[in-house]
Every structure is written in C-alpha cells, then in structure tokens.
Protein chains: 2
Amino acid sequence: MKENAFEALTVETLPGRLGPVAAIAERIGADSNLWKVREVGDGNLNLVFIVEGEKGTVIVKQALPYVRLVGDSWPLPLKRSFFEYHALSRQAERAPGTVPAIHHFDEAQALIVMEFLSPHIILRRALIEGRRLPKIARDLGLFMAHTLFRGSDLSMKASERKADLALFADNVELCDITESLVFTDPYFEAPMNRHTPGLEALVKELRADRDLKVEAQRMKHQFATRAETLVHGDLHSGSVMVTDTETRVIDPEFAFYGPMAFDVGMLLANYWMSFFSQRGHESAGSREEMRAYLLGVIDETWNTFRNEFARLWHTERKGMLYDAALYEARNDGLASEQALNHVIHDIWTDMLGFAGVEMHRRILGLAHNADFEDIADEAQRASCEAAALKFGRHIIVNRNKIQSLAELDMLAQALDQGKLS
Amino acid sequence: MKENAFEALTVETLPGRLGPVAAIAERIGADSNLWKVREVGDGNLNLVFIVEGEKGTVIVKQALPYVRLVGDSWPLPLKRSFFEYHALSRQAERAPGTVPAIHHFDEAQALIVMEFLSPHIILRRALIEGRRLPKIARDLGLFMAHTLFRGSDLSMKASERKADLALFADNVELCDITESLVFTDPYFEAPMNRHTPGLEALVKELRADRDLKVEAQRMKHQFATRAETLVHGDLHSGSVMVTDTETRVIDPEFAFYGPMAFDVGMLLANYWMSFFSQRGHESAGSREEMRAYLLGVIDETWNTFRNEFARLWHTERKGMLYDAALYEARNDGLASEQALNHVIHDIWTDMLGFAGVEMHRRILGLAHNADFEDIADEAQRASCEAAALKFGRHIIVNRNKIQSLAELDMLAQALDQGKLS
C-alpha cells in the first residue's frame with residue numbers, strides 16, 4: 001500500500017492523521033488530543049467533520065470513492081475534491097468573501113480543511129422554517145454576476161480560460177450525474193426515479209409531452225456543450241449557508257465550464273419550489289408573507305444579477321468577446337449596449353429552461369428536495385408538486401416567449417391557488 | 001542543445017535526417033541518396049516537401065515556430081503539428097478515405113509524413129480556372145456530416161469527448177488567430193487589415209453598422225464557447241485537394257471542439273466567394289455555367305450534409321444527447337424527428353452567420369482569397385468584392401429569418417448582376 005494512499009477518516013483517526021498539519025494546528029490549537037471531532041455529513045456524497053480545538057474550529061470535508069447515499073455499488077471518483085478545491089479558489093478570487101476560506105487541501109486524501117461557518121444554517125432549511133433572510137437575493141445575485149462574468153471570455157485571457165476549461169473537462173463523472181439525473185431520467189421511466197403517489201396522471205402526461213421532451217434535451221445539449229464560464233454546477237438552496245447578515249456558497253464539486261444561465265436557473269428553480277411548497281407547511285401558521293417574500297427574492301436576485309452583470313460589462317470587459325476596440329474606441333456605446341442586451345436576453349431565456357428542468361428532476365427523479373419531502377400529508381405534497389411541475393413545464397416550453405418576472409409571478413400565484421390547471 | 005531539439009528541414013538536410021525512418025523507407029525506398037526533394041510550401045505557415053524515392057513519393061509537412069508569411073516577429077507554436085496529427089487521425093476514423101494517410105509523426109520535430117496526392121490540385125485553384133468538379137458537393141457534404149456528427153455528444157461517449165475536448169483546448173494560439181483575424185479585425189481599422197481600393201465607402205458603412213458588429217461578435221461568442229464537436233477549423237477551398245473523381249481534405253491544424261456549423265459556414269462562404277469572383281475571370285470566356293454550377297454545389301453540399309446528418313441521427317445516435325431511451329423506447333419517432341429538425345435548423349442559422357463573417361474577413365482582413373486577388377483589374381475586383389460583402393452582411397444579420405437556399409440563390413444572383421445595392 002502506498003504511504004499516502006486514500007483512507008477515509010473517522011472521528012477516532014482524524015486527530016492523529018491531521019494533527020501534524022501546521023495550517024490546522026495554527027488555527028485551532030496544536031494539541032490534537034484536545035480536539036473534539038463530530039461527523040455531521042448529511043449530504044449524499046461526502047464525509048464532513050467539525051473539528052473543535054482550544055483556539056478555534058474548522059470543517060474537514062473528505063470525499064468518498066462512492067456515493068455515500070447509495071454505497072460502494074455507485075463509485076464516484078475522489079478527484080471531485082480536486083475540482084471543489086479549484087472552484088472554491090477561483091470563486092474566492094472572483095467574488096471575495098462569498099465562499100468558506102480554505103486552510104488546507106490534500107489531493108491524495110481528497111480532503112479540504114476549511115472555515116467553520118457559525119451560526120450559519122442551510123438556506124433550504126431556513127426557507128422551510130419560514131424564515132425570511134434579508135440578504136440572500138442581493139448576495140447571491142452578486143455572487144452569480146461576479147463568478148459567471150469573471151470566469152468567461154468577457155473577462156479572462158483566452159489562453160487562461162482554455163487551460164482552465166481543459167482542467168475542469170476532467171470532471172466527467174459529476175457532469176454525467178447532472179446530464180443523466182437532471183436532464184434525461186425525469187422524462188422517462190428510469191429505474192431510480194420516484195414520485196409522490198397521486199401524481200401518476202400528470203407524470204404520464206409529462207412523459208408523453210413531445211414538446212417538453214425535446215426542449216429538455218435541447219437544454220441538455222446546451223449544458224453539455226456551452227463552455228461559457230466556470231459554473232458552480234449545483235447552486236441550489238442546499239448549497240448556501242446563511243445568517244440574517246451573511247450568505248456563503250458551499251459545495252462546488254460539480255463545477256465545470258458550462259452555460260452562463262445554469263447556476264441562475266438552478267437557484268431560481270429552488271426558490272420557485274420553496275414557493276410552491278409553502279402551502280404544505282401552513283400548519284405552523286399562514287405562509288402568505290413567505291410566498292410574497294420568495295417571489296420578491298426571485299425578482300431581486302435576477303435584477304441584482306442583471307444589473308451587476310451590466311456594470312461589469314461596462315467596467316471590466318477586458319476579454320476577447322465584444323472587444324472594446326470595436327465599440328468604445330469608436331464611442332459606439334449603443335452597439336455595446338445592444339450586444340449586452342442580447343447576452344442578457346440569452347441568459348434569461350436559457351435560465352428559464354434550466355429552471356424548469358431542475359424543478360422536474362427534483363419531483364420526478366432520484367434526488368428530491370426537503371421543501372416538498374418534509375410535507376407529511378401525501379395528498380398535500382402531491383398538490384404542491386403538481387403546481388411546480390406545471391410551472392416547470394410552462395417555462396421550459398415557452399422560454400422564448402416569456403418576457404418578464406411579473407408574468408412569472410402571476411403564473412406561479414395562479415397555479416399555487418389552483419386557478420390554472 | 002537537446003538531441004531531438006527542433007530543427008527546420010531543408011531540401012539538403014531532409015534525406016539525411018529522415019533516411020533512418022523505417023515507415024518512409026518502406027514506402028519510397030531505403031536509399032535516401034536517391035530521394036529527390038522539392039520544397040513546395042505555398043501556404044502561410046509551414047514547410048512542405050515532396051520527397052520522391054525509387055518506389056514512391058511522400059509529403060513531409062513541418063511546422064515552423066513562426067508564421068512563415070510574416071517571419072519570426074509572429075511566433076506560432078510547433079504544437080499545431082500535434083493537433084493536425086490528432087485531427088487527421090480522428091477524421092480518418094470518422095470519415096474513412098477523406099484525408100491523406102499518415103505514415104509517420106514526429107512531435108518534437110513538428111513534422112508529419114503523409115500520402116502524396118497526385119494528380120490532385122487545390123480546389124480553389126480549380127474553381128478559379130473555371131473547372132466544374134463533379135464530386136465535391138457530395139464528398140464534402142458527407143465529410144462534414146460524418147466528422148461533425150461522430151465527433152459530438154450525439155455519437156461519442158461523454159467521457160471520451162470531454163478528454164478530447166481537453167486535449168484540443170490547448171490549441172489556443174490557432175484559435176486566437178481565428179478569433180482575432182476572422183471575427184474582430186475586419187470590423188474595425190485593425191493594423192493588419194487591407195482592402196481593394198474603391199471599397200472605401202462600403203467598408204466605412206460596414207464598420208459603422210451596429211447590427212452587423214453585434215451579430216459578428218455573437219458569432220465569435222459561439223465560436224469560442226460552443227464545444228459541440230471536433231471541427232476542421234479552416235475548411236475553405238484551399239484546404240481541399242481534388243481530381244474529377246476524388247476529394248481530400250487537408251490541413252486541419254486549426255482543429256478544436258467548436259460549433260457544428262463552423263466548417264459548413266466556412267466552406268459555403270468560399271463557394272459564394274468563388275461565385276462572386278467569376279465576373280472577374282470572364283476574360284477567359286463566359287462564366288455563366290460556372291456560376292450556375294457553384295450555386296448548385298452549394299445546394300447539393302447543404303442537402304447532402306443535412307440528409308446524411310439525418311441518416312446518422314436515425315442510425316448512429318449512441319451518445320448521451322437526445323437519448324434513444326427517451327424516444328425510440330416509447331416508439332416516439334415524432335419527438336426524435338422534432339428534435340432533429342431543431343438541431344438542423346440551429347446548424348443552418350449559425351452556418352449563415354459563420355459564412356457571412358468568413359466572406360467579410362477574406363475581403364476586409366489580413367488573409368485574402370486568390371479568387372478575388374487574381375482579378376488584376378482593381379475596379380472589377382472591387383465590384384465583385386462589394387457584392388460579396390453585401391451578401392455577407394445580409395446573411396449575418398438576417399440569419400434567423402432566412403429559410404431556404406432558393407432565397408439565397410436569388411440574393412446572390414441579384415447582387416452579382418448589380419440589381420440590388
């Protein structure tokens with residue numbers, strides 16, 4: 001066995017194995033006998049430890065060579081930790097303060113030691129509890145604008161972007177999960193699919209819906225081939241940690257060079273699902289304000305993203321695309337504005353397609369959302385999910401014709417209130 | 001100096017240096033003292049030797065570390081030979097018999113020894129001479145369908161395509177040439193541009209044309225980010241060698257994973273330029289039949305490409321896109337057909353954009369076409385080029401509205417006859 005061969009950590013072995021790492025010792029105290037270690041990984045893929053020393057606390061995240069949820073029958077390469085580390089580094093550079101600080105990375109052990117976020121909780125959990133976070137829309141709108149713009153040919157040197165594209169092109173297995181589980185499986189009777197009883201008729205209808213099936217595959221085509229920028233790749237409300245004043249984005253192991261609109265679509269989809277799930281959580285009190293809050297978050301997130309993207313377009317466009325020499329050098333501000341509007345419009349349209357697909361796969365596929373899953377009453381859950389499925393279908397198929405968030409707000413409300421079938 | 005350090009070949013040194021290569025000796029004879037060597041490179045980038053031995057003849061193509069046309073002030077990496085070798089290998093696999101056979105590749109010396117094609121001549125030269133090649137439309141339509149379909153996620157295993165994408169992503173400098181010289185420089189007063197006297201007013205108009213400048217950059221955006229398939233990257237009539245019965249595609253050093261429509265657009269653009277140049281060659285006799293022939297070639301090329309692409313869609317779609325499980329498993333042939341039509345329509349639309357840009361850069365940029373350059377009468381040349389420039393502008397800006405080749409034939413004829421301004 002190689003000296004540095006991968007070995008999964010346990011609560012017992014962690015202090016002995018990470019004790020010698022200076023970067024950790026400095027941060028939480030050198031005497032690893034005093035470290036308190038808890039395993040808290042509740043995700044599907046990894047081990048996560050909270051390690052508390054005399055001087056402080058860190059998170060240790062270690063990949064496992066298989067999907068934790070399923071076991072070693074579903075292998076998954078350790079190198080996803082490498083991609084997570086590189087994505088976190090780039091996000092920290094492009095959107096400072098939005099991701100956990102990294103203290104240490106060990107490629108062979110597939111582990112990242114990073115900042116312990118406290119008292120942050122997972123955004124999805126907060127939304128299920130009916131908490132209205134005041135800063136998420138602005139923070140995540142800015143996060144997306146900064147990372148997506150600055151990771152693209154609008155900003156990067158072409159040679160650097162292409163080298164980075166090649167590096168992340170090796171993240172094949174995690175892209176494959178998205179390609180299969182998100183874009184394909186929900187639309188036919190794939191073995192790992194499941195859905196809430198009561199949805200049978202609607203599921204049958206959707207899986208026979210030619211327009212929908214064609215458009216979902218066109219979105220997959222975009223996902224697989226549009227190497228526009230470094231996307232987070234899994235930016236749902238379970239990948240965000242929040243307090244009332246802070247927002248941090250975690251878990252970018254699905255990162256790769258993909259379409260500008262993918263992260264935006266996935267995030268907004270998760271807000272829309274939270275919206276449609278609120279009726280299921282009303283036993284703890286009316287969720288009217290929560291619903292209005294969520295539609296407001298969607299509006300503000302998009303508008304923040306769009307406005308910040310436009311600001312960067314005007315102030316930081318130093319890449320090879322829409323070259324300033326073509327426009328500003330001739331004082332041709334109008335051409336630059338016209339080009340910007342095309343770019344934003346394309347992101348908007350594609351965002352709707354990705355959002356609809358994300359809503360479908362969370363209800364029809366393998367990995368469901370707690371927003372719906374936590375609704376104990378099956379009939380109620382099916383009713384919430386049905387509205388979300390119809391909303392998703394509408395925005396995928398009609399994405400080229402939808403012009404405003406006001407229209408989407410009305411659609412969401414009408415479906416939620418059972419006024420549209 | 002390293003033993004195998006790069007050294008440019010000369011007519012004198014070639015036999016001594018390549019004599020020991022068994023693959024060459026086998027093919028043309030082992031006694032290199034008897035080899036006859038001629039340097040025939042007329043391109044902009046490389047050395048090309050014809051090496052004739054007792055038993056046969058081969059071509060030796062060697063890259064130089066700079067642009068041959070300009071000199072060592074414009075360095076260009078030797079690794080382009082590596083990409084050419086890998087592209088030729090893949091093309092030979094995907095479209096057997098369409099590219100020269102490779103006998104030997106030396107990466108450090110950046111040289112490829114390949115099949116000597118005789119009596120083939122360069123297609124561009126044949127078209128300038130007014131020769132009507134009976135097979136090019138069918139052969140190149142099939143070449144494009146086979147290489148573009150089989151290099152994409154419609155056919156390849158996703159992991160293989162992504163590994164290949166990463167390999168070719170390192171072809172940065174040659175992509176940069178296209179990105180700068182094709183998509184950007186023609187649309188402003190870049191230092192290396194030149195154009196025929198008499199075009200000043202039209203050039204000024206085009207460079208002030210906002211719609212055109214925005215659309216050309218959108219095509220650049222597509223070129224740089226749509227990693228759909230392994231494209232040849234430089235598929236003009238100077239990269240094709242022909243006889244009346246054979247068609248071979250050469251010089252794929254610009255190969256990379258790019259948009260499906262790029263090769264198609266560049267090739268058809270070069271036919272349209274040939275069409276518009278015919279008036280300039282009429283001193284040697286009427287070119288009426290040649291013009292009709294060229295429009296016919298364009299029609300037949302597109303139709304061959306489209307029909308063969310559709311045939312492969314129905315018979316070879318084994319990649320992850322438009323997964324047969326979604327369609328055929330349910331006997332839902334209509335959904336598959338609908339998806340195919342979307343894919344073809346997108347290629348058509350993008351092809352028009354790329355074709356228009358190619359026409360502009362060959363008249364306004366650095367690298368001009370012999371089709372026009374060989375017209376000695378400047379006023380005549382300017383008149384031919386003006387029609388081509390207007391045609392290019394129209395198909396770029398209106399590409400989403402153009403539905404048929406019949407419409408383009410009429411447009412080309414009207415512009416050629418001065419019936420449209």
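## A loop residue of chain B

B:Q403 is found in the loop that connects helix 14 (378-397) and helix 15 (405-416) of chain B. The model discussed here is a predicted one. With a relative accessibility of 54%, B:Q403 counts as exposed, because the exposed class covers values over 50%.

Which residues does B:Q403 contact, once its neighbours within four places in sequence are left aside? They are B:H345 and B:W348. Along the chain, B:Q403 and B:W348 are 55 residues apart, and their C-alpha atoms are separated by 8.8 Å.

## The sheet of chain B

Chain B contains an open sheet of 5 strands, arranged in the order 1-2-3-7-6 with antiparallel pairing. Its edge strands are strand 1 (36-39) and strand 6 (102-106) of chain B, each of which pairs on one side only. From one strand to the next, the twist averages 20°. Helix 3 (residues 80-94) of chain B packs on this sheet and touches strand 2, strand 3 (57-63), strand 6 and strand 7 (111-115) of chain B. The direction of helix 3 makes about 30° with that of strand 7 of chain B.

In general, the strands of a sheet pair through backbone hydrogen bonds, either parallel or antiparallel. B:I102 has B:M114 in strand 7 of chain B as its bridge partner. The hairpin formed by strand 6 and strand 7 of chain B has 4 residues between the strands, and in this hairpin B:A110 takes a positive phi near 50°.

## Aromatic rings

A pair of aromatic rings is described by the distance of the centres and the angle of the planes. Over all chains, the count comes to 36 aromatic pairs. In one of them, the ring centres of A:W272 and A:F391 lie 5.0 Å apart and the planes meet at 50°, so this pair is tilted. It links distant parts of the chain: A:W272 is in helix 10 (residues 261-277) of chain A, whereas A:F391 is in helix 14 (residues 378-397) of chain A, 119 residues apart. Are these two residues buried or exposed? Both A:W272 and A:F391 are buried.

A second pair consists of B:W302 and B:F305, whose ring centres are 5.6 Å apart; the planes stand at 45°, and the pair is therefore tilted. These residues lie 3 residues apart in helix 11 (residues 288-315) of chain B, so about one helical turn separates B:W302 from B:F305. B:W302 and B:F305 are both buried.

In chain A, one aromatic cluster is formed by A:F149, A:W302, A:F305, A:F309 and A:W348. A charged residue also meets a ring in this chain: A:R317 lies over the face of A:W313, at 4.5 Å from the ring centre.

## How the two chains are related

Chain B is superposed on chain A by a rotation of 180° with 0.0 Å of shift along the axis, giving an RMSD of 0.0 Å. This is the relation of a two-fold axis. Both copies use the same surface, since 100% of the contact residues of chain B recur in chain A.

Definitions and conventions: Residues are numbered from 1 along each chain as its sequence is written. Chains are lettered from A and ligands numbered from 1 in the order in which they are written. This is a predicted model: local features need pLDDT of at least 70, side-chain atom pairs count only at pLDDT 80 or more; totals for chains, interfaces and linings use all residues. Side-chain values use heavy atoms; hydrogens and water are left out. Rings of Phe, Tyr and Trp (its six-membered ring) pair if their centres lie within 6.5 Å; planes under 30 degrees apart count as stacked, over 60 as edge-to-face and the rest as tilted. Helices (H or I, at least four residues) and strands (E, at least two) are DSSP runs, numbered from the N terminus. Buried means under 20% relative accessible area, exposed over 50%, partly exposed in between (1.4 Å probe, protein chains only). A charge sits over a ring if NZ of Lys or CZ of Arg is within 6 Å of the ring centre and within 35 degrees of the ring normal. Two strands pair if DSSP finds at least two bridges between them. Axes are lines fitted to C-alpha atoms, for helices over the stretch in contact, and angles run from 0 to 180 degrees between N-to-C directions. Contact means heavy atoms within 4.5 Å. Copies are superposed by least squares on the C-alpha atoms of residues with pLDDT of at least 70 in both.
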